Amino acid sequence: MRIAVASGKGGTGKSTVSANLAQALSETQPVVLVDCDVEEPNLHLFFPSQNTQHPVTVDNPVIDTGLCNGCGDCGRFCRYGALTVIKGKHSFFPELCHSCNGCAVVCPQKAITMAPREVGVVRIQEPSPTLTLISGVLNEGEVQAPPVINSAKRRAEKEALVIYDSSPGIACPVIETLEGSDFCILVTESTPFGLHDLELAAGVAEEMGMPAGVVINRSDGKDGLINEYCKQVGLPVLMTIPFDRHIASVQNVGGLMALEISGWDVKFLKLFTDIVTILEACE
Ligand code: SF4
Ligand code: SF4
């Protein structure tokens with residue numbers, strides 16, 4: 001089973017939910033947690049342990065200027081604007097390149113070969129015998145998150161139970177993360193801004209035909225706005241995490257409430273069993 005954890009904006013507690021859910025599940029079965037928030041991966045802070053690193057590369061064109069006759073066919077072919085040829089001189093913009101190999105195919109001089117360029121790494125940790133953390137990490141200055149997300153997800157593709165922690169928002173990396181998930185947990189806060197972002201994130205899950213449920217984080221007990229919306233659109237509210245000094249003090253030092261505060265492991269296990277029940281009802 002693959003469960004994605006998403007939120008319409010950053011700072012709602014998405015990583016908190018992912019990490020605590022993984023921690024609670026790991027007490028009963030093997031679980032793999034994949035940090036797909038590759039621009040700012042932070043799940044490793046909850047699980048300090050040794051890691052191994054594996055480079056992620058994309059193929060980019062390399063031009064042999066000795067063979068090139070300056071015809072410009074490669075630049076005209078590249079519909080992404082990654083490669084241009086002006087007066088026989090090439091300009092290449094790696095952040096726009098989709099590694100399609102088309103420029104190499106159309107080059108009449110066979111002057112273009114594709115060569116790997118590192119855009120990030122996948123970091124693997126095993127903080128306990130039943131918990132594996134796989135983090136995608138995009139190199140600084142790089143913009144191509146999807147290859148790093150894909151590479152991180154591929155490392156967990158044979159595992160039975162996987163949790164994907166998505167990047168915030170509703171952009172391309174979120175779609176990449178949600179792709180192939182069975183269920184989406186939408187984390188939100190009980191504010192008008194929280195509701196707006198929840199609506200956007202819920203729209204993405206719906207577009208993808210993915211069952212979803214909501215976790216309200218930092219609740220002050222006045223959740224009417226979110227509850228009303230969820231009722232209207234048929235989204236189950238699966239869990240409410242209160243705004244609480246004890247929880248905040250544990251989290252502020254990178255702690256896990258499922259590990260350190262009595263009863264929260266059971267609550268996160270219930271979150272999981274509720275998801276299983278919803279998925280069984282969908283079959
Ligand atoms: S590999 Fe594709 S996207 Fe990249 S420069 Fe060549 S034609 Fe453009
Ligand atoms: S298509 Fe080949 S020969 Fe023509 S400009 Fe590009 S690299 Fe040079």
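This is a chat about a predicted model of a protein chain and its ligand.

User: Hi! To start, how many helices and strands are in the protein chain?

Analyst: Hello! The chain holds 10 helices and 11 strands. Bear in mind that this is a predicted model.

User: What about contacts with a separation of 6 or more: what part comes from residues 24 or more positions apart?

Analyst: Those residues account for 72% of such contacts in the protein chain.

User: Nice. Which residues point which way from β1?

Analyst: Arg2, Ala4 and Ala6 point one way, while Ile3 and Val5 point the other way. Both groups are buried, Arg2 included.

User: Which way does β1 run relative to β8, parallel or antiparallel?

Analyst: β1 and β8 (residues 162-165) run parallel, joined by 4 bridges. In that pairing, Ile3 is opposite Ile163 of β8.

User: How many bridges join β1 to β9?

Analyst: There are 4 bridges between β1 and β9 (residues 183-189), and these strands run parallel. Here Ala6 stands opposite Leu186 of β9.

User: Switching to helices: at what angle do the axes of α1 and α10 cross?

Analyst: Helix α1 (residues 14-26) and helix α10 (residues 264-282) have axes that cross at roughly 95 degrees and come within 8 Å. The angle therefore makes α1 roughly perpendicular to α10.

User: Which residues make that contact?

Analyst: From α1, the contact uses Asn20, Leu21, Ala24 and Leu25. From α10, Trp264, Asp265, Phe268, Leu269, Leu271 and Phe272 take part.

User: How do they divide into nonpolar, polar and charged?

Analyst: The residues of the α1 contact with α10 divide into 8 nonpolar, 1 polar and 1 charged.

User: Last topic, the ligand. Which residues come nearest to ligand 1?

Analyst: Cys78, Ala82, Cys97, Cys100 and Cys103 come nearest, out of 13 residues around ligand 1.

User: And how does the shell around ligand 1 divide?

Analyst: The shell has 9 nonpolar residues, 4 polar and no charged.

Terms used: Residues numbered from 1 in each chain as written. Chains lettered and ligands numbered in written order. Predicted model: local features only at pLDDT ≥ 70, side-chain atom pairs only at ≥ 80, totals over all residues. Buried ≥ 20, exposed ≤ 12 C-beta atoms within 10 Å, placed from the backbone. Helix = DSSP H or I, 4+ residues; strand = E, 2+ residues; numbered from the N terminus. Pairing = 2+ DSSP bridges. Axes fitted to C-alpha atoms, helices over the stretch in contact; angles between N-to-C directions. Parallel < 35°, antiparallel > 145°, perpendicular 65-115°, else oblique. Contact = placed C-beta atoms within 7 Å. Nonpolar A, V, L, I, M, F, W, Y, C, P; charged D, E, K, R; others polar. Near = placed C-beta within 6 Å.
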